Amino acid sequence: MRELNLTAEGTAQERILAYLQENVSEVLAEKINNGTPIEKDGKQLTSKKTLKGFMKYANDEAKKLSEKGATCACIEDKTVYGWSIHYFEEDSIEGTLYNEDGTGYKPIIKTPPKQNSVVANKPKEQDKQPSLFDLIDAQDEEKINKENNTQQIAEVSEILNDLNPRIQQRKEIPQFYSQYLETQKQYPQDIVINRLGDFYEAFGESAVTLSKELDLTLTGRNIGLDERLPMVGFPYHAAEIYINKIRNNHSVVVIEQEDIKRLTQTVKANDGNTVVMDTGEVLDSNESNPYVEILSRLLENKIKYVR
């Protein structure tokens with residue numbers, strides 16, 4: 001059991017802590033204990049997350065799943081445990097911030113300087129009847145203002161149209177999702193899953209499909225797009241179970257960083273054996289499944305498949 005530098009308050013947090021100590025990897029354990037370095041306001045800071053912070057995060061996630069107008073939601077334990085791994089793994093979720101010397105970080109609040117304004121008492125002008133020349137000058141001034149406003153609007157629109165492509169180019173999606181999209185394009189009929197930390201995750205249409213077929217919670221990930229990207233995930237230590245279930249209906253493409261492996265769909269024959277659809281190979285249920293062995297070795301990073 002890994003020792004984690006987390007303090008549990010109450011039974012609920014104690015159960016989360018026990019799950020994390022049993023299931024997190026060495027990399028995630030070090031991240032939890034030592035925090036994650038981030039840069040904010042031009043300073044190098046450390047973000048450390050707590051169980052109290054996770055409970056607030058889980059409460060927000062539960063609200064998203066609850067029905068409209070509901071005052072409570074029933075969430076399964078496995079879903080909450082999955083949230084806990086994602087919360088401590090995801091760098092974009094910010095925890096408590098500390099300075100390099102270990103003191104708590106306090107954001108600098110800039111307040112604009114106060115300006116002493118002097119309002120002069122303007123003498124009241126005596127009402128007078130406007131002349132014909134005053135009316136003509138007023139009409140000419142109104143016409144000039146309209147022309148100037150029209151020209152300014154056209155100039156602003158031209159500037160915005162010029163800037164818009166530049167702004168869109170700055171929205172760069174993460175490298176892992178670029179690789180995911182490229183792989184999904186190569187295998188449009190398959191389910192694509194990507195190893196990210198302690199989880200295997202699927203995005204977009206693959207995520208929606210798996211959420212329905214495997215009863216996984218459909219959540220979202222913020223990757224800088226206008227909307228959150230649909231996502232489902234499952235722990236790497238349970239990958240064999242989930243991937244075998246996926247292969248009952250689809251072929252699966254597994255992304256392990258730069259390595260990609262395709263596991264074809266299987267079906268059950270009348271004699272109870274498993275048959276690989278692409279090759280017709282019969283896998284005896286009493287024998288070890290070579291595809292499972294390949295996947296197991298792949299997960300342990302003992303072998304690599306290169307595109």
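This is a predicted model: local features need pLDDT of at least 70, side-chain atom pairs count only at pLDDT 80 or more; totals for chains, interfaces and linings use all residues.
**Figure 1. Pairing of strand 4 with strand 8.** Strand 4 (residues 191-196) and strand 8 (residues 252-256) run in the parallel sense and are joined over 4 bridges. Within this pairing, Val-192 has Val-253 of strand 8 as its bridge partner. Strands of a sheet pair through backbone hydrogen bonds, in either a parallel or an antiparallel sense.

**Figure 2. The largest nonpolar core, of 30 residues.** Which residues touch the most other members of this core? They are Ile-193, Phe-203, Leu-210, Phe-234 and Ile-243. At least two residues of the core come from each of helix 6, strand 4, strand 5, helix 7, strand 7, helix 8 (239-246), strand 8 and strand 9. Another core, of 22 residues, lies apart from this one and includes Tyr-19, Ala-58, Ala-62 and Tyr-87. In soluble globular proteins, nonpolar side chains tend to be buried together. In the protein chain as a whole, buried residues make up 34% of the 307 residues.

**Figure 3. Aromatic pair of Tyr-177 and Phe-203.** A search of the whole structure finds 11 aromatic pairs. In the pair shown here, the ring centres of Tyr-177 and Phe-203 are 5.9 Å apart and the planes stand at 80°, so the arrangement is edge-to-face. The pair links distant parts of the chain, with Tyr-177 in helix 6 (residues 175-186) and Phe-203 in strand 5 (residues 199-203), 26 residues apart. Tyr-177 and Phe-203 are both buried.

**Figure 4. Stacked rings of Phe-234 and Tyr-242, with Lys-245.** Phe-234 and Tyr-242 form a stacked aromatic pair, 4.7 Å from centre to centre and with 15° between the planes. Both of these residues, Phe-234 and Tyr-242, are buried. Lys-245 places its charged end over the ring of Tyr-242, at 5.9 Å from the ring centre.

**Figure 5. Aromatic cluster containing Tyr-87.** Phe-54, Tyr-57, Tyr-87 and Phe-88 are linked into a cluster by ring pairs. Over the ring of Tyr-87 sits the charged end of Lys-49, 5.2 Å from the ring centre. Tyr-87 is also among the residues of the core of 22 residues.

Figure 6. Strand 2 (residues 43-48) and strand 3 run antiparallel and are joined by 3 bridges. Ser-47 stands opposite Leu-97 of strand 3.

**Figure 7. Loop positions of Arg-247 and Pro-174.** Arg-247 lies in the loop between helix 8 and strand 8. Is Arg-247 buried or exposed? Its relative accessible area is 2%, so Arg-247 is buried. Although Arg-247 and Gln-265 are 18 residues apart along the chain, their C-alpha atoms are separated by 4.6 Å. Pro-174 lies in the loop between helix 5 (132-170) and helix 6. With a relative accessibility of 25%, Pro-174 counts as partly exposed. The C-alpha atoms of Pro-174 and Ile-223 are separated by 6.8 Å, while the two residues are 49 apart along the chain.

**Figure 8. Overview of the protein chain.** The secondary structure comes to 9 helices and 12 strands. Among contacts between residues at least 6 apart in sequence, 56% join residues at least 24 apart.

Key. Residues are numbered from 1 along each chain as its sequence is written. Side-chain values use heavy atoms; hydrogens and water are left out. Rings of Phe, Tyr and Trp (its six-membered ring) pair if their centres lie within 6.5 Å; planes under 30 degrees apart count as stacked, over 60 as edge-to-face and the rest as tilted. Buried means under 20% relative accessible area, exposed over 50%, partly exposed in between (1.4 Å probe, protein chains only). A charge sits over a ring if NZ of Lys or CZ of Arg is within 6 Å of the ring centre and within 35 degrees of the ring normal. Two strands pair if DSSP finds at least two bridges between them. A nonpolar core is a set of buried Ala, Val, Leu, Ile, Met, Phe, Trp, Tyr and Cys residues joined through side-chain atoms within 4.5 Å. Contact means heavy atoms within 4.5 Å.
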